[in-house]
Every structure is written in structure tokens, then in C-alpha cells.
Amino acid sequence: MPSIFFGSIGSIADTSELQRQSFNQAFERHNLNWHWSQDEYSAMLKKSGGIQRIKDHATSLGQSVDAAAIHESKSQIFQEYLQAGKVKPRPGVVETIAKTKQQGLKLCLVTTTSEKNVSSLLLGLGSDINPTDFDLVVDISMVERPKPAVDAYALALEKLNENAENCVAIEDNLGGLSAAKDAGIICVAFPGENNTHYDFSKADLRVDKLSFDRLQKFI
């Protein structure tokens, strides 16, 4: 059965600015005189991985920090923001989910963020998106390697017993785009606020608003 994959929590709600704010609050909590501006953080998003961003920044400053502990604080702050309903679904997401279910297609969230981030987002979105709408959710705890590795998509295809050519992935970042294409899946780029300047030319389509009708043309 044809399937639509949301490839990250950022493809459902634009969480990037909340992530940046959470990093900055975590730095304060750990007594670090660091502050990532929107431009600085946007430049870091070419590669995935929050812990690695912290390590790279510390190295650039000649400092030694507990990157894992800082990232854990950031995650706690971020999840509190999500659960408090600080984000809203991105344009066209609610309608696309509804039409996907109406057409009897499979709907999946295939991400390599944490299960806690996923559950916090869905809790915070409240009545806008029902967690039971998703036939499958893949998170980082279920795979060995995060995106841009193909592991998450390979697992989703295996669990659904589906062929890649029958699926469409929606991705908001370059790592996710690479993972989808390397898995043989058609990918629609849906970059968020801090990703718009990146080159998504490898995507099959780039959109600023989701439309089920445009996705349906690929499956």
C-alpha cells in the first residue's frame, strides 16, 4: 500500500527556533558564555546531531565540555516547550494527514530524533494531530545509525513490507533528504525557517506548503 513518510518532527512543526533557544538556555544552565544566533545556528544545520554541534563549537573555542550533559539539558528544555504547546503544525500538514487517511494510505513518522521528542511534540500539538493517525513511528532508539544513514527508512520499509518506489518522504533538512534518496524513496523537500537557504536540488520537489494532491502524483 502506498505510504507517506514524515521524515522528522520538523516536517510536522517548525521546531528549529525552539531548538536554538533550548540550546542557549542549556548553555546558561551549564555556566557557559555561549549564545548561538539564528544565523550561526542555521549554518550548523547542514549536518545532523546536536551533541556533535556542541563538541564542534567547544573545539572551535579551545574549550572542553560535557557535550552529552549539555545536550541532555537542552532536550529537557526543548521537550518542556513542546509539551506546553509552543509549536503549531506547518502549513498544509493537518490537511495532508487527513487526506492521507481518507485515501486509505499508510502514514508514518520516520525520524531519528528521540522517542521523548516525538511524544512531546504530539502531546503539544493536542487536537491538531492525533498520534493514532500514524501507522508507524520510527525513532532513534530503533536504529543503529541516525540520518543521513538509511537505517530508519530501511526499517520502515521492512515493517510495512513496502517497496521504496511506492512511498514519498517529506523532509525538512539535508540529512533527511540524503537518507530518503539513498533508500530509493521519492523525497519532497519542505525546509523550515532555518533551512531555506540550503540546496535541496536533489529532492524530487520542493514546497513551502504541503499539498496532498501534489504528493499523490508521485505514488
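**Fold, domains and pockets**

Tutor: The secondary structure of this chain comes to nine helices and six strands. Keep in mind that the model is predicted.

Student: What radius of gyration does the chain have, and what would a compact globule give?
Tutor: The chain has 17 Å. A compact globule with 219 residues would be near 17 Å, so the two agree.

Student: And what box do the C-alpha atoms fill?
Tutor: Roughly 50 × 35 × 30 Å, taken along the principal axes.

Student: How much of the chain counts as buried?
Tutor: 53% of the 219 residues.

Student: Among contacts between residues at least 6 apart in sequence, what share join residues at least 24 apart?
Tutor: That share is 69%.

Student: Which domains does the assignment give?
Tutor: Domain 1 covers 3-13 + 89-216, and domain 2 covers 16-84. Their centres, taken over C-alpha atoms, are separated by 24 Å. Domain 1 puts 17 residues into the contact, and domain 2 puts in 15 residues.

Student: On to pockets. Where does the largest pocket lie?
Tutor: It lies between domain 1 and domain 2, because both give residues to its lining. Its volume is about 810 Å³.

Student: How many residues line the largest pocket, and which lie nearest its centre?
Tutor: The lining has 36 residues. Nearest the centre are Gln19, Ser48, Gly49, Arg53 and Thr113.

Student: Which helices each supply at least two residues of that lining?
Tutor: Helix H1 (16-29), helix H3 (50-61) and helix H4 (67-83) each do.

Student: How do the residues of that lining divide into nonpolar, polar and charged?
Tutor: Seven are nonpolar, 21 are polar and eight are charged.

Student: What about the second largest pocket, what volume does that have?
Tutor: About 160 Å³. Its lining is made of Ala43, Met44, Lys46, Lys47, Ser48, Gly49, Gln52, Arg53, Asp56 and His57. Helix H2 (38-44) and H3 are the elements that give two or more residues to this lining.

Student: Which gives the most?
Tutor: H3, with four residues. By type, the lining of the second largest pocket has two nonpolar, four polar and four charged residues.

Student: Change of topic. Where does Lys101 lie?
Tutor: In helix H5, residues 93-102.

Student: Why is Lys101 classed as partly exposed?
Tutor: Its relative accessible area is 31%. Partly exposed runs between the 20% limit for buried and the 50% limit for exposed, so Lys101 falls in that class.

Student: Which residues does Lys101 touch, not counting those up to four places away?
Tutor: Leu107, Asp133 and Asp135. There is also a C-alpha separation to note: Lys101 and Phe134 are 33 residues apart along the chain, and their C-alpha atoms are separated by 9.2 Å.

Student: Last one, Asp151. Which helix is that in?
Tutor: Asp151 is in helix H7, residues 151-160.

Student: Does Asp151 count as buried or exposed?
Tutor: Buried. Its relative accessibility is 15%, and buried means under 20%, so Asp151 qualifies.

Student: What is Asp151 in contact with, leaving aside neighbours within four places?
Tutor: Val143, Glu144 and Arg145.

Notes: Residues numbered from 1 in each chain as written. Predicted model: local features only at pLDDT ≥ 70, side-chain atom pairs only at ≥ 80, totals over all residues. Heavy atoms only, no water. 1 Å grid on protein atoms, 1.4 Å probe; cavity = no way out; pocket = protein on both sides within 12 Å on 5 of 7 lines; lining within 4 Å. Points joined across faces, edges and corners; volume = space filled by probe spheres on them. Nonpolar A, V, L, I, M, F, W, Y, C, P; charged D, E, K, R; others polar. Domains from an automatic or database assignment. Rg over C-alpha atoms; globule rule 2.2 N^0.38 Å. Buried < 20%, exposed > 50% of the residue type's maximum accessible area, 1.4 Å probe, protein only. Contact = heavy atoms within 4.5 Å.
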